[in-house]
Amino acid sequence: MEIVRDFSESDLLRRLKQDDERAFDALFRHYSALVYRFAFSYLKSRPAAEEIVQECFIKIWEKRAQLRDDVPLKGYLFTTAHHAVLNELRRDQHHLRLHGEVAAAAGPASVANEAEYQEMEALYQAALNRLPPKQREVFVLSRQLGLSYPEIAARQGVSVKTVEAHIMQALKTMRNYFRLHGGGVLGILLTLIIGQK
C-alpha cells in the first residue's frame, strides 16, 4: 500500500471524502510533479502542463465523494491527466488519433511519441473490435463520447444495470486482450485509460 506523506492510500481516500483539505494538500504535494512531467512530456509547454495539473487535481477534489475505494488515486490521477492531454492536443489540432478520433500534431512531436500513439491506437482498436456489437456500442458511448450510464440507458432503452453489465464485461475482455498483446507499458497505460471514467 502506497504512503502519501502521513497518510496511507485508504486513509487518504477516506479523508478526501470527508472534505479534508490537509489530505488533499498531501495528495497534491506527492503527485503534482509526476503529473506535470507526464503532461509536459507530450505537450512540451510549461503553461499547458501546469494547466493539466490544476485540472486533474480540481477534478479529484470535485469528485471526491464519488471516488471508488478499489481504484488507486494514482491511477485515477494519471487517467485524468491522459484524457486532459489528449483533449489539449485535439484543441490545438495536433496529429493524434486515439479512441477512434482524429486530430493533428503541431510542433516537433518526437518519433517515439508518435510511434507509441500509433501502437496504442492499433491495440485499442483491436481490443474494441473483439467486443460483441451491443457491448461495443455501449462502451463507445461511455468511454469515447462521455455519456453517463443513465444517459446511455435512456438512449439504448435498457436499464442502468444492463449498461453497467455491458461496461464491466467490455472492460474485462479488453484488459485481458491488453495483457496478452499489450507489450508491457502500453497495455498497462491502456488498461488505466479504459478503466476509469
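**Figure 1. Overview of the protein.** Of the protein's 197 residues, 44% count as buried. Buried means under 20% relative accessible area, exposed means over 50%, and partly exposed lies in between (1.4 Å probe, protein chains only). This is a predicted model, in which local features need pLDDT of at least 70, side-chain atom pairs count only at pLDDT 80 or more, and totals for chains, interfaces and linings use all residues. Residues are numbered from 1 along each chain as its sequence is written, and side-chain values use heavy atoms, with hydrogens and water left out. The secondary structure comes to nine helices and four strands. Helices (H or I, at least four residues) and strands (E, at least two) are DSSP runs, numbered from the N terminus. Along the sequence the pattern reads β-β-α-α-α-α-β-β-α-α-α-α-α. Take the contacts between residues at least 6 apart in sequence: 55% of them join residues at least 24 apart. Contact means heavy atoms within 4.5 Å.

**Figure 2. Helix H1 and its end.** H1 covers residues 9-17. Its buried residues are Glu9, Asp11, Leu12, Leu13 and Leu16. Lys17 also belongs to H1. Lys17 is partly exposed, with a relative accessible area of 31%. Leaving out residues up to four places away in sequence, Lys17 touches Arg64, Ala65, Leu67 and Asp69. Lys17 and Leu67 are 50 residues apart in sequence, yet 7.8 Å apart in space, C-alpha to C-alpha.

Figure 3. The phi of Asp19 is near 65 degrees. That is a positive value in a residue other than glycine. Asp19 is partly exposed, at a relative accessible area of 45%.

**Figure 4. The crossing of H2 and H3.** H2 spans residues 21-43 and H3 spans residues 46-62. Their axes come within 8 Å and cross at roughly 145 degrees. Axes are lines fitted to C-alpha atoms, for helices over the stretch in contact, and angles run from 0 to 180 degrees between N-to-C directions. H2 passes H3 in a right-handed crossing. A crossing is right-handed if the near helix is turned clockwise from the far one by less than a right angle, and left-handed if anticlockwise. On the H2 side, the contact includes Phe24, Phe28, Tyr31, Val35 and Phe40. On the H3 side, Ile52, Val53, Phe57 and Trp61 are among the partners. The residues of this contact divide into 17 nonpolar, one polar and three charged. Here Ala, Val, Leu, Ile, Met, Phe, Trp, Tyr, Cys and Pro count as nonpolar, Asp, Glu, Lys and Arg as charged, and the others, Gly among them, as polar.

**Figure 5. Leu34 in H2.** Leu34 lies in helix H2. At 31% relative accessibility, Leu34 counts as partly exposed. Leu34 and Phe78 are 44 residues apart along the chain. Their C-alpha atoms are separated by 9.1 Å.

**Figure 6. The two sides of H3.** H3 has 17 residues. From its first C-alpha to its last, H3 reaches 24 Å, close to the 24 Å expected at 1.5 Å a residue. The expected span of a helix is 1.5 Å times one less than its number of residues. Buried in H3 are Ala48, Ala49, Ile52, Val53, Cys56, Phe57 and Ile60. Seen down the axis of H3, these buried residues fall within an arc of 165 degrees, so they line one face of the helix. The arc is that of the directions from the helix axis to the C-beta atoms. On the other side of H3, Pro47, Gln54 and Glu62 are exposed.

Figure 7. H8 takes in residues 160-181, 22 residues in all. It reaches 31 Å from first C-alpha to last, close to the 32 Å expected. Its buried residues are Val163, Ile167, Ala170, Leu171, Met174, Tyr177 and Phe178. Seen down the axis of H8, they fall within an arc of 135 degrees, so they line one face of the helix. Exposed on the other side of H8 are Lys161, Met168, Lys172, Arg179 and Leu180.

**Figure 8. Val160 in H8.** Val160 lies in helix H8. Val160 is partly exposed, with a relative accessible area of 32%. Apart from its neighbours within four places in sequence, Val160 is in contact with Tyr149, Pro150 and Ala153. Val160 and Ser148 are 12 residues apart along the chain, and 9.6 Å separates their C-alpha atoms.
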